[in-house]
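Visitor: I'd like to learn how to read a protein structure. Could you walk me through this one?

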Amino acid sequence: MVCNERVPALDEDLKKTLGPATAKVLAEQLGLHTALDLLHHYPRRYAERGELTSLADLGDQLDEHVTVVAQVADARVHTFNGGRGRRLEVTITDGYGRLQLVFFGSGVHKPHKDLLPGSRAMFAGKVGRFNQRLQLSHPAYELLGADAGASAVDAFANQLIPIYPACAKLESWKIAKAVDAVLPSAQEAADPLPPALREGRGLLTLPEALLKVHRPRTKADVAQARDRLKWDEAFVLQVALARRRHADSQLPAVPRRPAPGGLLDAFDARLPFTLTEGQQAVSREIFDDLATEHPMHRLLQGEVGSGKTLVALRAMLAVVDAGGQAAMLAPTEVLAQQHHRSITEMMGELAEGGMLGGSDLGTKVVLLTGSMGAPARRQALLDLVTGEAGMVIGTHALIEDKVQFHDLGLVVVDEQHRFGVEQRDALRSKGRQPPHLLVMTATPIPRTVAMTVFGDLETSVLDQLPAGRSPIATHVVPAKDKPHFLTRAWERVREEVEKGHQAYVVCPRIGDEEDDKKAAKAAGSPEDEAEKRPPLAVLETAEKLRTGPLAGLAVEVLHGRMDPADKDDAMRRFAAGEVQVLVATTVIEVGVNVPNSTVMVIMDADRFGVSQLHQLRGRVGRGSAPGLCLLVSEMPEASPARARLAAVAATLDGFELSRIDLEQRREGDVLGQAQSGVRSSLRMLAVIEDEEIIAQAREEAARTVAADPELEHLPALRTALDALLDEEREQYLEKG
């Protein structure tokens, strides 16, 4: 038998199957290039032809492209301009809501003929508003079964219509037609899941899953297909991480055990307090790892103020004790300088090794940032290569080729989500043998995200606050509804300063010309439209406070575009107590430690994410006096933004807040921020909801890799892995 229908190959360019015009839009707008790409472009949801899609929800989707299934209630042509202009107005209904469609000019003839009252169709377009009413102007439409016989209409009515993520140039049903053209090739799809795993868990084969996700007959088909496709994503990603862990565990490393009576013991003896149980337990985990012949890979998660830096510092001292060097990588210059200052203060004469008055047990602690002067930089580089400096704290200036170490034994990365895996690896390659690695983050990460994003690391959690740390009270200040609350907020700042304490005021913008241009560009979001004003800026706010409610106090500014020397000077003067109120951008978000600051006022707090607000408030209440954080917002009480702020005010539990944050934002933002390339591979998997699948996939992946590290017996899994890692690499290059 001769078969005329050609089945497209999975890796074939879509131009061959769909023609150049459609293929071009799919490639440019949706990043889909091959038949396989298109098969992995899954429907976002399914409309049931038997029940109409709700029009009542469209109010939330202003300016978005939507697809609705509805019935024509009414269609009329109006003339204007003395009969020269024609406008067709069509009202459609789904039994719950009504929506107006408009067509103009010569575009009215065909819809006027097609869209007769009583006819049903699928409509797609951008939701707009005209005269206070929602409308779609010139929507694309496809009639549903008006010309079919009764039995065909009936069959049609109970079908599930896949609604695809679409774009302005290509409506959902055109994508559906493109999928139809490549669907026969799904039979060729190589299955990445090992057969034993698939059968053991009762999962569909990949070709079946692709067929059922795109053309389901029933809701059960959709559920089965999704289960299977989620497993693919979770498993392939976890295999990539398991192989990275496996490869790392094969690397040799120098075991680093602290010398008794050495630098670490001398440091511990200096500490004016005892470590919390949590700090002791995590330190033991770290020291056990450091003593092995394979590199440590550990993620240290700690609540804001739980004393992570101290734990990391003790690990660094242990390595120096054992004859190695330790490097700490910080995401910003302000933070690198802050870490350097607080570490040298904690170590005292132990940080002055080789200097007059320094301890015999001591070592040299150097700072290395991009903005250092040439002589200081040269000296720091020399101290590192000769081994004179046991410890270095720096920004990504540390990763540059020029930087060489005498014997790098430990890399500590602060705030991992600011660095990609590649930057981590670049610094690790500076050791003669792979150094141990400790990654710290103060952003509490729900377990599943940790397994997905940091799956190549073992995890330690610090969740106790050190003794003597004061709780932080948080309140929302509704500046628009209750202006007297804002007046009271500034009085509270004055009261704290009069008691000898200090305050932060945080603003979303800087307020210089460059910043204003950016703000003008950004002011298109619905929230901005509602407020009709750009977010508050540091420079203006500082000026208003100096001449208004905080007149007479020493008010200074700090932001990212200041000269590094000025930034350091402002921070130093604030730490020394010479500045009473610091008006800053989020440059103070991470790691800044001034125990005397007790109050923080966050202006336009609704412009920040939940986790970011939690990070910021962790800067106060770091001494013995209680901390106060005031979240100022002009958003109305019933808005989602205010609900978010209320959640932050209600709990100090960062893990709880990070969960809320993930549920409110699309988790892609979190993953995208956290590491290059992960999000691209997750189309079906939802990190919070699919906790179970991710945990099971991690176990299965570990088993699979242990049995067959090179995946020699699983060629289809290798192929899927190569595709995933290619995408990761590509994304990293784009980021770089």
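Guide: Happy to. At 1% relative accessibility, Cys629 counts as buried, where buried means under 20% relative accessible area, exposed over 50% and partly exposed in between, using a 1.4 Å probe and protein chains only. Before we go on, this is a predicted model, where local features need pLDDT of at least 70, side-chain atom pairs count only at pLDDT 80 or more, and totals for chains, interfaces and linings use all residues. Residues are numbered from 1 along each chain as its sequence is written, and side-chain values use heavy atoms, with hydrogens and water left out.

Visitor: Is Cys507 buried or exposed?

Guide: Cys507 is buried, with a relative accessible area of 0%.

Visitor: And how many disulfides does a search of the whole structure find?

Guide: A disulfide is a pair of cysteine sulfur atoms within 2.5 Å. Searching the whole structure turns up zero disulfides.

Visitor: Let's do sheets. How do strands of a sheet pair?

Guide: Strands pair through backbone hydrogen bonds, either parallel or antiparallel. Here, two strands pair if DSSP finds at least two bridges between them. Strands (E, at least two residues) and helices (H or I, at least four) are DSSP runs, numbered from the N terminus. Now look for an open sheet of six strands, in the order S16-S21-S20-S17-S19-S18, with parallel pairing. Its edge strands are S16 (472-478) and S18 (555-558), and each of them pairs on one side only. From one strand to the next, the twist averages 20 degrees.

Visitor: How many bridges join S16 to S21?

Guide: Seven bridges join S16 to S21 (residues 627-633), and these two strands run parallel. To see one of the pairs, find Val477: its bridge partner in S21 is Val632.

Visitor: Which helix lies across S16?

Guide: That's H17 (residues 483-498), which lies across S16, S17 (502-506), S19 (581-584), S20 and S21. H17 runs at about 155 degrees to S20. For such angles, axes are lines fitted to C-alpha atoms, for helices over the stretch in contact, and values run from 0 to 180 degrees between N-to-C directions. Helix H21 (residues 564-575) also packs on the sheet, touching S17, S18, S19 and S20, and its direction makes about 140 degrees with that of S18. Contact means heavy atoms within 4.5 Å.

Visitor: Now helices. Why do residues three or four places apart point the same way?

Guide: An α-helix has 3.6 residues a turn, so residues three or four places apart point the same way. Have a look at H22, which is mostly covered: seven of its eight residues are buried. Among them are Val610, Leu613 and His614.

Visitor: How far apart are Asp653 and His614?

Guide: They sit 39 residues apart in sequence and 8.9 Å apart in space, C-alpha to C-alpha. Asp653 lies in the loop between H23 (640-650) and H24 (654-664), and at 37% relative accessibility it counts as partly exposed.

Visitor: What about loops and backbone angles?

Guide: Asp604 has a phi near 45 degrees, a positive value in a residue other than glycine. Asp604 is found in the loop between S20 (597-602) and H22 (610-617), and is buried, with a relative accessible area of 2%. His138 has a positive phi too, near 50 degrees. His138 is in the loop between S6 (133-137) and S7 (140-143), and at 41% relative accessibility counts as partly exposed.
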